[in-house]
Amino acid sequence: MRPYAPTGVIFLLILYFGVQALTGERGLLSHGDRAEMLAQRQVELAQLEAQRNDLELRVRYLRTDNLSRDLLEERARVILGFATPGDYLIPVERPTTAS
């Protein structure tokens, strides 16, 4: 039995790697799982890119050279907590009294 031990070990290694090549995480039979994961990741990437574009636009409007008063007021109200996002705000001008 002793001379067949290395041959048996090599055979078991070849069998193990063959099974892993077919059924492992990156095996030939797991192509469908990888395609599904790729589709999920592409959807997530598209959502993150849209969110990034929105944030970049907001940052551009909050810079001093291109300041949007509406966006600045909205952010101030959200940060300071003077209004909830569902509130409707109507600006009213107060008459000035002559002294």
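# Exercises on side-chain contacts in a predicted model

The side chains of arginine 52 and glutamate 56 form a salt bridge, 2.9 Å from N to O. The model is predicted, so local features need pLDDT of at least 70 and side-chain atom pairs count only at pLDDT 80 or more, while totals for chains, interfaces and linings use all residues. Residues are numbered from 1 along each chain as its sequence is written, and side-chain values use heavy atoms, with hydrogens and water left out.

**Exercise 1.** State how many salt bridges the count comes to, and place their residues.

*Solution.*
- Step 1. The rule asks for a side-chain nitrogen of Lys or Arg within 4 Å of a carboxyl oxygen of Asp or Glu.
- Step 2. By this rule there are two salt bridges. Besides the bridge of arginine 52 and glutamate 56, the side chains of arginine 58 and aspartate 54 meet at 3.6 Å, N to O.
- Step 3. Arginine 52 and glutamate 56 are four residues apart in helix α2, about one turn of the helix. Arginine 58 and aspartate 54 also both lie in α2, four residues apart. Helices here are DSSP runs (H or I, at least four residues), numbered from the N terminus.
- Step 4. Buried means under 20% relative accessible area, exposed over 50%, and partly exposed in between (1.4 Å probe, protein chains only). Arginine 52 is exposed because its relative accessible area is 54%. Glutamate 56, at 41%, counts as partly exposed. Arginine 58 is partly exposed at 29%, and so is aspartate 54 at 39%.

**Exercise 2.** Describe the aromatic pair that a search of the whole structure finds.

*Solution.*
- Step 1. A pair of aromatic rings is described by the distance of the centres and the angle of the planes.
- Step 2. Rings of Phe, Tyr and Trp (its six-membered ring) pair if their centres lie within 6.5 Å; planes under 30 degrees apart count as stacked, over 60 as edge-to-face and the rest as tilted.
- Step 3. The search of the whole structure gives one pair. Tyrosine 16 and phenylalanine 17 are edge-to-face, with 5.3 Å centre to centre and 70° between the planes.
- Step 4. Tyrosine 16 lies in helix α1, residues 5–23. Tyrosine 16 is partly exposed, because its relative accessible area is 48%. Phenylalanine 17, at 54%, counts as exposed.

**Exercise 3.** Is serine 30 buried or exposed, and what does its side chain reach?

*Solution.*
- Step 1. Serine 30 lies in the loop between α1 and α2 (31–62).
- Step 2. Its relative accessibility is 9%, so serine 30 counts as buried.
- Step 3. The side chain of serine 30 reaches the backbone oxygen of glycine 24 at 3.5 Å. A polar atom of this side chain also lies 3.0 Å from the backbone oxygen of glycine 27.
- Step 4. Leaving out residues up to four places away in sequence, serine 30 touches Gly24 and Glu25, where contact means heavy atoms within 4.5 Å.

Technical notes. Helices (H or I, at least four residues) and strands (E, at least two) are DSSP runs, numbered from the N terminus. A polar contact is a pair of N or O atoms within 3.5 Å; within protein, one must be able to donate a hydrogen and the other to accept it, and residues adjacent in sequence count only if both atoms are side-chain atoms.
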